[in-house]
Amino acid sequence: MRDAIFITAVLVGLAALWRAAGRTGWLGVLGGVFTLAAFTCGAYLEAPSPLRGACWLYGTALLGKTLSLGRGPRGAIGLGRGLAFLFLWPGLDPARAFVLDPSTDRRAGLASAIVGVVEVLAGLVFIAFAAKRGWLEGGDFVPAWCRLLSFGSFLDGGFRAMEGVLKFLGYRPERIFREPWRARDLAEFWGERWNRFIGKTLAVEVYAPVKRRFGRAVGMLATFFHSGFFHEALFFGSAEGTFGRYMTFFLVHGLVVAETVEFRAAPGGGPLVRRIVRRVVAGSILLATAPLFFGGCYPAVAPLERILERFL
C-alpha cells in the first residue's frame with residue numbers, strides 16, 4: 001500500500017508541475033526534484049515515523065511553492081530569492097518572500113512572536129499533562145479531543161511565531177492560520193482560517209479547474225479528496241495503521257462544507273439563528289470526526305505529548 005501511495009503522490013505531483021512547467025524555469029525544476037526526493041524519503045527512509053512524516057509534509061509544501069512560482073510572470077523572482085522562498089519562506093506568495101516593507105510594524109511582530117511561542121508551549125504542556133493524567137488512553141473521543149486541542153494550538157502558535165519574527169525583521173509575512181477557533185462554519189474554517197498554505201494550493205490547482213468543468217459541489221469534493229489522499233500519505237505512509245481514516249475524515253467534511261455553502265445561500269431563518277446553527281454543526285462535526293484524524297497513525301507520526309515528557 002505504501003508503494004501505491006508513493007507512486008500516486010509522484011504522479012499527482014508530476015502532473016501538477018507539468019501544468020506549471022512553462023513558467024517555473026530552473027527554480028521549478030529544482031523544486032520538482034526536491035519534492036520527489038522528499039516524497040521518496042517519506043515512503044522509504046529507514047527512520048522513525050515522525051521523521052518520515054516530516055518528509056511527506058515538506059514534500060507537499062515544496063509542491064505548493066513550486067506551483068506558486070508558476071502562477072506569476074516568468075522571471076519575476078531571482079534565483080537566490082527563489083531558492084530562499086522554496087526552502088525557507090513560510091508562505092505561498094513568492095512576491096512577498098524576503099522583501100523588506102518600511103511600513104511593517106516591528107513592535108506588533110515581536111508581540112505576535114511572543115504570543116505564538118506561548119501558544120505552542122501551552123499546546124505542548126496541555127498534551128503532556130493529558131498523557132500524565134491518562135486522558136490519552138482508552139476510548140476514542142477524549143484522546144482525540146485532547147490531541148485536537150493541542151495540535152491546533154501548536155500549529156497556530158508555530159506559524160504565528162514565525163510570522164511575528166519575519167514581521168519584526170521588517171518583512172511582510174503571510175497569514176497562514178487565521179484564528180481557526182473563530183470560524184463560523186466548516187466552510188470558513190477550511191477555506192479561510194485553517195492552514196492557508198495547503199488550502200490556497202488546493203483552491204487554485206484543484207477546486208478552480210474542477211469547478212469550471214463540473215460545478216461547485218464536485219469541485220469541493222475533489223478538493224477534499226486530494227487533501228485526504230495527501231494526509232493518507234503523511235500519516236499512513238509514515239507508520240502502520242488503517243488505510244482510509246483520513247480520506248473518510250476529509251470526504252465527510254467536504255460533504256458538510258458543500259451543504260454549508262448551500263445553507264448560506266438558502267432563504268429563510270434569522271441571521272442569529274443561522275449563525276448558531278452553522279457554529280453548532282461545525283463544532284459537532286469536528287468533535288464527532290476527531291477520532292478519524294487523531295487516532296490510528298497520528299500518535300506515532302506526531303507524538304506531541306512526548307516533546308516535554310522529560311520536563312513534566
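Predicted model: local features only at pLDDT ≥ 70, side-chain atom pairs only at ≥ 80, totals over all residues.

Reader: Got it. Which element gives the most to the lining of the second largest pocket?

Author: That's α5, which gives six residues. A pocket here is an open set of points on a 1 Å grid over the protein atoms alone, where a 1.4 Å probe fits, with protein on both sides within 12 Å along at least five of seven lines; lining residues have an atom within 4 Å of a point.

Reader: And how many residues line it, and which lie nearest its centre?

Author: The second largest pocket has 18 lining residues, and Leu 148, Pro 180, Trp 181, Phe 189 and Leu 286 lie nearest its centre. The elements giving two or more residues to that lining are α5 (141-168) and α10.

Reader: OK, α10 then. How many residues does it have, and how far does it reach?

Author: Helix α10 covers residues 271-294, so to speak 24 residues, and reaches 34 Å from its first C-alpha to its last. That's close to the 34 Å expected, taken as 1.5 Å times one less than the number of residues.

Reader: Where does α10 bend?

Author: At Ala 288, by about 40 degrees, with Pro 291 following within four residues. The bend is the angle between axes fitted to the seven residues ending there and the seven starting there.

Reader: Which α10 residues are buried?

Author: Among them are Arg 274, Arg 278, Ala 282, Ile 285 and Phe 294. Buried means under 20% relative accessible area, exposed over 50%, partly exposed in between (1.4 Å probe, protein chains only).

Reader: What follows α10?

Author: Gly 296 does, and its phi is positive, near 60 degrees.

Reader: Switching topic: what is the phi of Phe 98?

Author: Positive, about 55 degrees, although Phe 98 is not a glycine. Phe 98 is in the loop between α3 (79-87) and α4 (106-132), and is partly exposed at 27% relative accessibility.

Reader: And Asn 195, is it buried or exposed?

Author: Asn 195 is buried, with a relative accessible area of 19%. You'll find Asn 195 in the loop between α6 (186-193) and α7 (196-214), with a positive phi near 45 degrees.

Technical notes:
Residues numbered from 1 in each chain as written. Heavy atoms only, no water.
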